[in-house]
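Welcome, and please take a moment to look over the model below. The notes that follow walk through it topic by topic.

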Amino acid sequence: KEMAALLMNGANRLAFNRTLLNERASRSHSIFTIYLTKRESEDRTRMSQINIVDLAGSEHTKQSGVVGDSLRETCHINTSLTTLSRVIEAINSNAQMDGQQPKKH
């Protein structure tokens with residue numbers, strides 16, 4: 001119940017804006033992290049982490065018709081998504097050099 005309440009609280013704080021391409025365009029990035037701990041024995045504990053990520057959508061600025069503050073916001077969102085993509089590509093490149101499976105994005 002506590003986790004559901006936290007998710008709803010976050011969902012209520014998301015920002016949206018209307019554009020020509022999308023009546024309800026998400027303007028927010030959000031990350032919800034769940035930490036799980038399992039006690040397997042008296043001296044052994046296993047820990048896991050689950051990240052749920054919701055990213056604002058990228059839009060073509062000319063086609064979306066945004067202007068002013070919304071245009072600046074759209075440019076920042078697009079830049080942040082491009083940067084995130086580069087980070088994931090770098091992580092995958094390093095993982096492949098180490099013989100690990102690449103991460104999906």
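Which residues does Thr74 touch, not counting residues up to four places away in sequence? Thr74 touches Arg27, Glu59, Thr61 and Val66, where contact means heavy atoms within 4.5 Å. Thr74 sits in helix α3, which covers residues 68-97; helices (H or I, at least four residues) and strands (E, at least two) are DSSP runs, numbered from the N terminus. With a relative accessible area of 1%, Thr74 is buried. Here buried means under 20% relative accessible area, exposed over 50%, and partly exposed in between, with a 1.4 Å probe and protein chains only.

Asn78 is also found in helix α3. Its relative accessible area is 18%, so Asn78 counts as buried too. Leaving out residues up to four places away in sequence, Asn78 touches Ser58, Glu59 and Thr61.

Residues are numbered from 1 along each chain as its sequence is written, and side-chain values use heavy atoms, with hydrogens and water left out.

The protein chain averages a pLDDT of 83, and 93% of the residues score at least 70; pLDDT is the predictor's confidence in each residue, from 0 to 100. Among the elements, strand β3 (residues 30-41) has the highest mean pLDDT, at 90, and strand β2 (residues 25-26) the lowest, at 78. Where pLDDT is low, the predicted coordinates should not be read in detail.

## Overall layout

The protein chain has 3 helices and 4 strands, and along the sequence they follow the pattern α-β-β-β-β-α-α. Its radius of gyration is 19 Å, well over the 13 Å that the globule rule gives for 105 residues, so the chain is more spread out than a compact globule. That radius is taken over C-alpha atoms, and the globule rule is 2.2 Å times the number of residues to the power 0.38. Along the principal axes, the C-alpha atoms fill a box of roughly 60 × 40 × 15 Å.

Of the 105 residues, 17% count as buried. Among contacts between residues at least 6 apart in sequence, 38% join residues at least 24 apart. The accessible surface comes to about 8,600 Å², and 53% of it belongs to carbon and sulfur atoms; accessible areas come from the Shrake-Rupley method with a 1.4 Å probe, and for residues only the protein chains shown count as cover.

## An exposed loop residue

Leu20 has its place in the loop between β1 (16-17) and β2. Leu20 is exposed, with a relative accessible area of 69%. Beyond its neighbours within four places in sequence, Leu20 is in contact with Gln63, Ser64 and Gly65. Leu20 and Asn78 are 58 residues apart along the chain, and their C-alpha atoms are separated by 17 Å.

## A nonpolar surface patch

Which residues form the nonpolar patch on the surface? They are Ile31, Val53, Leu55, Leu84, Val87 and Ile91, with about 500 Å² of accessible area together. Patches are made of residues with over 30% relative accessible area and no salt bridge: like charges are joined within 9 Å, and nonpolar side chains (Val, Leu, Ile, Met, Phe, Trp, Tyr) within 5 Å. Helix α3 gives the most to this patch, with 3 residues. Ile91 lies in helix α3 and is partly exposed, with a relative accessible area of 41%.

## Salt bridges

Side chains of opposite charge can pair when their charged atoms come close. A search of the whole structure finds 4 salt bridges, each being a side-chain nitrogen of Lys or Arg within 4 Å of a carboxyl oxygen of Asp or Glu. One of them joins Glu23 and Arg18, with the closest N and O atoms 3.7 Å apart; Glu23 and Arg18 are both exposed. Another joins Arg46 and Glu40, at 2.9 Å. Arg46 is partly exposed at 44% relative accessibility, and Glu40 is partly exposed at 32%.

Asp69 pairs with Arg72, the closest N and O atoms being 2.4 Å apart. These two are 3 residues apart in helix α3, so about one helical turn separates them. Asp69 is exposed, at 61%, whereas Arg72 is partly exposed, at 48%. Elsewhere, salt bridges that share partners join Glu40, Arg44 and Arg46 into one network.

How values were computed
Predicted model: local features only at pLDDT ≥ 70, side-chain atom pairs only at ≥ 80, totals over all residues.
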